[in-house]
Structure formats: C-alpha cells, structure tokens
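Let's take a walk through the aromatic rings and the nonpolar core of this protein. Have the viewer ready, and we will go step by step.

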Amino acid sequence: MPLWIVYHPPNTFDTHEAKEAFAGDVTNIYLRTGLPAFYVVVKFISVDPSNVFVGGKLKTDKPFIRIVIDHIAFHSNDDTVMNKRTTAVVDAALKPHVADKGYDWEYHIDETPRGLWKINGFAPPPFKSEAEKQWVKDNKPSAWE
C-alpha cells in the first residue's frame with residue numbers, strides 16, 4: 001500500500017475536485033508499476049497555520065504542504081538510482097498541485113516491510129505475482145494462499 005498523508009492549511013486542497021485530481025495523479029504513479037488501484041490511499045489533513053512551525057518559527061508567509069508517504073507494496077531497497085527515479089516521479093506528480101502553486105512543500109518516503117501489512121485480513125500476494133494480477137483485475141483483495 002502506498003499511503004500518502006497530506007498535511008495542508010485550509011484554502012489548499014479545499015475542494016473535492018482538487019483532492020480527487022491530486023489523488024488520481026498519485027494513484028497513477030502506482031498503476032504504472034502494476035499495483036492495484038485500491039492499494040493507494042491518500043488522506044488530506046487540514047492543519048491550521050497557527051499550528052505549523054518550521055525551524056522553530058510560525059510558518060505563515062505562504063502555504064506549507066507536508067507529505068508523509070509510506071511504501072509497503074514496493075521498495076527501492078536503498079538503491080540510489082531507484083531512489084532518484086522514485087523521487088522524480090513523486091516530484092512530477094506534485095508539480096501541478098503544489099510546486100506550480102508556489103507553496104512551500106516537503107515530503108519523505110518510509111518503506112515498511114511487506115510482512116507487516118494486511119488488507120481486510122489478507123496478506124497481499126508477492127509483487128507482480130499471478131495472485132496480485134488477479135487483485136489488480138478485481139480491484140479488491142481476496143484469498144490467494
């Protein structure tokens with residue numbers, strides 16, 4: 001599961017359309033790798049600017065977007081080339097929604113071991129396996145072991 005948690009001030013990502021467009025672009029990152037769409041979860045959490053401090057200072061000059069990304073289904077295994085490729089894809093997805101709007105922004109990507117992950121009680125099948133391809137086709141988890 002890629003889980004994206006987007007911390008943002010009010011008046012950013014404030015419409016259903018803006019959230020849906022962002023979530024769609026994020027989902028497309030993972031669809032291109034062959035993952036099921038339902039693996040991708042994007043949560044928008046509005047944070048009042050009076051609760052955001054950067055470098056110990058209140059951050060009010062322009063919107064600050066902080067994104068926490070958790071990769072479970074896919075890992076770069078600390079491969080420098082893969083990390084650069086991954087961050088380039090993330091940067092491209094963020095560009096129209098964050099960078100082009102002039103917001104300040106930051107993200108990081110954690111990688112959780114697959115063995116610590118379940119969906120509806122099912123351990124996900126191995127990456128690109130026949131069982132995972134079935135999950136992609138069905139766009140939902142099912143028993144496979």
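Rings of Phe, Tyr and Trp (its six-membered ring) pair if their centres lie within 6.5 Å; planes under 30 degrees apart count as stacked, over 60 as edge-to-face and the rest as tilted. This is a predicted model, where local features need pLDDT of at least 70 and side-chain atom pairs count only at pLDDT 80 or more, while totals for chains, interfaces and linings use all residues. Residues are numbered from 1 along each chain as its sequence is written, and side-chain values use heavy atoms, leaving out hydrogens and water.

The ring rule gives ten aromatic pairs. In one of them, the ring centres of Phe 38 and Trp 135 are 5.8 Å apart with planes at 40°, so this pair is tilted. Another, Tyr 39 with Trp 117, is edge-to-face, at 5.0 Å between centres and 75° between planes. Both Tyr 39 and Trp 117 are buried (under 20% relative accessible area, with a 1.4 Å probe and protein chains only; exposed is over 50%, partly exposed in between).

Now to the core, a set of buried Ala, Val, Leu, Ile, Met, Phe, Trp, Tyr and Cys residues joined through side-chain atoms within 4.5 Å. The largest nonpolar core holds 25 residues, and Trp 4, Phe 22, Tyr 30, Ile 67 and Leu 94 have the most contacts inside it. Beyond its neighbours within four places in sequence, Leu 94 is in contact (heavy atoms within 4.5 Å) with Trp 4, Phe 22, Ile 67, Ala 99, Trp 105 and Tyr 107.
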